[in-house]
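This note sets out some remarks on the structure shown below. Please read each point with the structure in view.

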Number of protein chains: 2
Amino acid sequence: MNNEDRKSAHILDSALPVFVRYGFQKTTMADIARTAGISRASLYLAFNSKEELFRAGSARAHRLTMAEVEAVLNRTGDVIDRIAAAISAFQQGLIAPFGNSENAKELFETNMELAEDITIAARSKLIALLSEALGEARERGEIDLAASGGRPADLAALIAAAMDGIKHNFRAGGPSDESMRLLMRILQLALMPESRR
Amino acid sequence: MNNEDRKSAHILDSALPVFVRYGFQKTTMADIARTAGISRASLYLAFNSKEELFRAGSARAHRLTMAEVEAVLNRTGDVIDRIAAAISAFQQGLIAPFGNSENAKELFETNMELAEDITIAARSKLIALLSEALGEARERGEIDLAASGGRPADLAALIAAAMDGIKHNFRAGGPSDESMRLLMRILQLALMPESRR
DNA sequence: GACAATTGGACTCAATTTGTCTATCTGACT
DNA sequence: AGTCAGATAGACAAATTGAGTCCAATTGTC
C-alpha cells in the first residue's frame with residue numbers, strides 16, 4: 001500500500017463515523033476534513049467531490065469485507081460453518097457499522113444512488129464464493145445436493161436472499177442472528193449425505 | 001392547559017430528539033415540522049423562529065424539571081434523602097436527555113447563548129429550594145448546622161456547585177452518581193445532631 | 001355556508017456549502 | 001542555501017440550502 005493509499009484510507013476511515021452520525025446530506029466536507037485532521041483543500045486533493053468520497057468509502061468497505069469473507073471461506077472445517085462465518089463477516093463489515101445508526105436508511109439509500117454497482121458486484125462475488133465453496137464440498141462428498149435437487153449456485157443465491165431479507169430488519173443483537181443460525185442448521189440437515197444420517 | 005399549550009408542548013417534545021440527534025446547527029425547521037407531523041407553515045404559527053423554539057424548549061424542560069424537584073423535596077422523610085432525590089431529578093430532567101448525545105457540547109453551548117437566563121433562574125430556584133428544605137429541617141431539629149458553621153443558603157450553594165462540577169463529566173452510568181451519593185453521605189454525617197451521634 | 005385552523009407551495013434573502021485557485025508555508029532532501 | 005513536493009489558509013464564484021414570510025387552496029367543525 002503506497003502513501004497515497006494510506007492517506008485516502010485514513011480519510012475514509014475518518015469519514016465513516018461522520019456519515020454515520022449525521023447522514024450523507026448533513027455531513028459537510030468541512031466536517032470530514034476536521035475529523036480527518038486535514039484541511040479542506042487537502043481533502044479535495046484526495047477526492048474531487050463528496051459523492052466521489054462516499055463512493056470510495058463504499059468501495060473500500062466492500063473490498064475489505066469481501067477479502068475477509070474470502071479468507072473465512074478458505075479456512076478448514078465444515079462448509080456450513082464456514083458459510084455461516086462468511087455471512088457473519090459480510091454483515092459485520094457492511095451492515096453493522098450503519099445498522100444501529102439512526103441514519104441507516106438514508107445512508108443505504110445514498111449508497112444505492114452512488115455506489116449501486118459496487119454493492120451489486122460484491123453481492124455477486126459473495127454468491128460466487130458461496131457457490132464455489134458448496135461445489136468443492138460436494139466434490140469431497142461432504143454434502144449431498146442430490147436430495148435437495150439444488151445446484152451450488154441456486155443454494156448460494158438462496159442463502160444470499162435470506163441474508164438480504166434478514167438484513168432489512170437488522171439491529172445488533174436483534175433476532176437477525178438467530179434467523180441466520182436457524183437457516184444454517186436447516187441447510188446442514190438438508191445437505192447431509194445419506195451415509196451420515 | 002389550553003389547546004395552544006398542548007400543541008406547543010407536542011412540538012417541543014418532538015423537537016427535543018431531533019436536536020439531540022443533529023445538534024442545533026444541523027437541525028432544520030423542516031426536520032422539526034416533519035417529526036412533529038405538521039407543516040413548516042404551522043410550525044411558524046407556533047414559534048416565530050428556530051431560536052425562539054429552542055428557548056421555549058429549554059423553558060419547558062426547566063419548568064417541568066423544577067416542578068418535579070419541588071415535589072420531591074416536599075415529600076416526607078430524611079432531608080438529606082430528599083435533597084439527593086431532588087438533585088437526581090434535576091439531573092434526570094436537564095442533563096440526562098443530552099448527556100449521552102454526541103451533540104451534548106454544542107447543545108449546552110446553544111442553550112447558554114439562547115436561554116442562559118432560564119438556566120440561571122432554575123439554578124437559583126434550585127438553591128433556594130434546597131436552602132428552604134435545610135432551614136426547615138434545622139427548625140425541626142433534624143439537622144444541626146452549628147457544628148459545620150454553615151447557613152442553609154451556603155450549604156445549598158455547595159451542593160449545587162458539586163452537582164455542577166460533576167455534571168461536566170456526566171455520562172449515564174458513569175461515576176457521577178457515585179460522587180453525588182458520596183457527598184450526600186458526608187453531609188448526613190456532618191449535619192447529624194449531636195444527640196444522635 | 002361560515003369559520004378557523006392547517007396546508008402546500010412560492011418567494012426573498014441570508015447563510016452555508018461546494019469546488020477551485022493562488023500565494024504561502026513546511027519539511028525533507030541535496 | 002536551494003529545491004522540491006505536499007499541505008495549508010484563505011479568498012472566491014457558483015450552487016444549494018435554510019430561514020422566515022405570505023397567500024390561495026384545503027380541511028374539518030359548527
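1. Some terms come first. Helices (H or I, at least four residues) and strands (E, at least two) are DSSP runs, numbered from the N terminus. A residue is near a molecule or strand if its C-beta atom, placed from the backbone, lies within 6 Å of it. The model is predicted: local features need pLDDT of at least 70 and side-chain atom pairs count only at pLDDT 80 or more, while totals for chains, interfaces and linings use all residues. Residues are numbered from 1 along each chain as its sequence is written, and chains are lettered from A and ligands numbered from 1 in the order in which they are written.

2. Around DNA strand D there are 14 residues, and those that come nearest are A:Ser39, A:Ser42, B:Thr28, B:Met29 and B:Ser49. Two or more residues each are given to this surface by α3 of chain A and by α2 (29–36) and α3 of chain B. The largest share, three residues, belongs to α3(A). By class, the surface near DNA strand D holds seven nonpolar, five polar and two charged residues. Here Ala, Val, Leu, Ile, Met, Phe, Trp, Tyr, Cys and Pro count as nonpolar, Asp, Glu, Lys and Arg as charged, and the others, Gly among them, as polar.

3. DNA strand C is surrounded by 14 residues, the closest being A:Thr28, A:Ser49, B:Ser39, B:Ala41 and B:Ser42. The elements that supply two or more residues to this surface are α2 (29–36) and α3 (40–46) of chain A and α3 (40–46) of chain B. For DNA strand C, the largest share, three residues, comes from α3(B).

4. How are the two protein chains related?

5. Four residues of chain A are in contact with four residues of chain B, contact meaning that the C-beta atoms, placed from the backbone, lie within 7 Å. On the side of chain A that touches chain B, one residue is nonpolar, none is polar and three are charged. Because 100% of the interface residues of chain A are also interface residues in chain B, the copies meet through the same surface.

Terms used: Two residues are in contact if their C-beta atoms, placed from the backbone, lie within 7 Å.
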